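Please read the following report alongside the sequence and the three-dimensional structure.

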Amino acid sequence: MSVSLGLVDTPTVVVPGESVDIPVTIRNSGDVVEAYDLTIVGVPDAWATFDPPRVSLYPGASETVVLTVRPPRSSEVRAGDLPYGVRVVPSEAPETATVEEGLLTIAPFSEVAAELRPQVRRARLGARYRLAVLNGGNIGEALTVAATDGAEQLHFAARPTAMVLAAGEQFEAGLRVRAKRLLWRGTPRHLPFRALLTDRDGRAITLDGTLVQQPVLSGWLLKLLALLLALLLLLLALWFGLLRPAVQSAAQEAADERVAQAATQMEASANEAAGEAAREAVAQERAENPAAPPSSPSPTPAAATGGGQFATALTLRTSPGSTASRSYTVPRNRVLLLTDFLVDNPQGDTGTLTITADDVRVVTYGLENFRNQDYHSVTPIRVPAGSRVTLTVECRQPGTPVGAATPGTCQEGLYLNGILNRTRQS
């Protein structure tokens with residue numbers, strides 16, 4: 001038996017994923033009819049097929065069998081020379097099997113796959129992307145990374161900018177994409193770009209991506225600012241409409257209380273001073289007329305005896321264009337020594353305010369000239385029993401308190417302080 005391979009002296013070249021046919025010639029050099037089985041050696045059985053896989057030959061006859069080799073397109077099938085052999089086994093004498101050797105050259109091929117992850121990102125200024133690269137070829141690849149956008153609205157930074165991948169190796173590079181200017185408000189802006197992977201032969205893989213630039217002042221933020229502004233206006237309205245008048249009222253009450261306390265103290269001082277003056281006058285009269293007999297009884301005017309501190313308040317409401325009065329009448333068997341009074345114009349009304357005692361005008365004020373006015377008499381004003389202290393207001397226009405609605409009437413007050421003594425006949 002003799003076996004020969006076609007083109008034995010020339011290596012057979014095959015590209016992974018493709019096939020190549022190699023002729024194998026078998027001659028029966030024996031003197032009996034023989035059947036021969038063919039197998040491949042040095043190459044995976046899945047790569048090779050024989051057509052036909054078994055031949056029968058008469059003595060001196062020969063036949064050519066086709067060996068088809070089809071290596072898979074995979075990075076595991078590395079480029080280079082691959083020795084192989086064809087083994088021919090006689091069925092009657094398998095111990096006389098023969099192997100014919102050949103050389104198979106695996107051709108190189110390039111297959112680089114890449115993916116941009118994610119393809120779309122949303123950001124106000126910049127975002128990071130990932131480039132997943134796989135070398136699916138059977139040779140190493142040297143690649144460079146770059147990016148570009150046609151509108152020139154973006155900056156790019158790749159890490160790394162170059163890489164070398166062995167056959168079957170995968171790698172992930174980073175790509176930073178940043179807008180050249182901020183988008184302050186409005187609708188989001190779509191900024192497309194392309195990432196480029198280029199090999200040593202200048203072949204490039206193009207990957208499309210998009211940066212969706214968000215406005216700095218988004219719609220929900222503007223709504224939140226409007227809500228905060230409305231809340232601030234509501235708080236201001238509550239302050240000027242409710243809280244501030246209440247605070248002013250409390251402050252006014254505190255001031256009135258302080259005025260009343262001061263008036264009480266002044267009344268006590270005046271009472272003490274009046275008593276001291278009366279005692280000094282009696283002592284002086286006795287010193288000047290030590291021998292004067294007492295005069296016969298005769299009717300005399302009422303004289304004041306011991307009394308107590310006195311305080312009262314008159315309040316008055318007057319319609320615009322009208323005049324109104326309110327009085328305090330000294331009780332029977334009493335005499336009022338009026339030392340102090342306080343007039344109050346809380347609304348800031350305009351008009352005239354007059355105070356009379358025992359039908360004698362004490363003072364007249366223009367309402368527009370004051371809010372609170374106090375009056376102190378060095379010599380107490382004497383108001384006998386049955387006489388009146390009267391507050392009279394001529395209202396021209398009600399005032400407008402800050403933070404409150406305009407009232408319909410003028411409102412004034414009179415606070416009286418003094419000594420209310422009893423009277424007797426001597």
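## Backbone, charges and rings

Asn333 counts as partly exposed at 43% relative accessibility, where buried means under 20% relative accessible area, exposed means over 50%, and partly exposed is in between, with a 1.4 Å probe and protein chains only. The model is a predicted one, in which local features need pLDDT of at least 70 and side-chain atom pairs count only at pLDDT 80 or more, while totals for chains, interfaces and linings use all residues. Residues are numbered from 1 along each chain as its sequence is written, and side-chain values use heavy atoms, with hydrogens and water left out.

Asn333 is a residue other than glycine with a positive phi, near 60°, and it lies in the loop between β20 and β21 (334-344); strands here are DSSP runs of E with at least two residues, helices are runs of H or I with at least four, and both are numbered from the N terminus. Asp359, likewise not a glycine, has a positive phi of about 65°; Asp359 is placed in the loop between β22 (350-357) and β23 (360-366) and is exposed, with a relative accessible area of 69%.

Two cis peptide bonds can be described next. One joins Asp51 and Pro52, with omega about 0°, and Pro52 lies in the loop between β5 (48-51) and β6. Another runs from Arg117 to Pro118, with omega near -15°, and Pro118 is found in the loop between β10 (112-117) and β11 (120-123).

Arg117 also takes part in a salt bridge, with Glu115. The structure holds nine salt bridges, the term being used for a side-chain nitrogen of Lys or Arg within 4 Å of a carboxyl oxygen of Asp or Glu. Three of them are set out below with the closest N to O distance and the relative accessible area of each partner.

| Salt bridge | N to O distance | Accessibility of partners |
|---|---|---|
| Asp37 and Arg54 | 2.7 Å | Asp37 28%, Arg54 44% |
| Arg117 and Glu115 | 3.2 Å | Arg117 33%, Glu115 41% |
| Asp208 and Arg194 | 3.2 Å | Asp208 46%, Arg194 46% |

Glu115 and Arg117 belong, together with Arg130 and Glu172, to a network of salt bridges.

The structure also holds five aromatic pairs, meaning rings of Phe, Tyr and Trp (its six-membered ring) whose centres lie within 6.5 Å, with planes under 30 degrees apart counted as stacked, over 60 as edge-to-face and the rest as tilted. Among them, Phe310 and Tyr328 form a tilted pair, 5.0 Å centre to centre and with 40° between the planes. This pair links distant parts of the chain, Phe310 in strand β19 (residues 303-318) and Tyr328 in strand β20 (residues 323-329), 18 residues apart. Phe310 is buried, with a relative accessible area of 9%, and Tyr328 is buried as well, at 16%. Elsewhere, Tyr129, Phe156 and Phe193 form one aromatic cluster.
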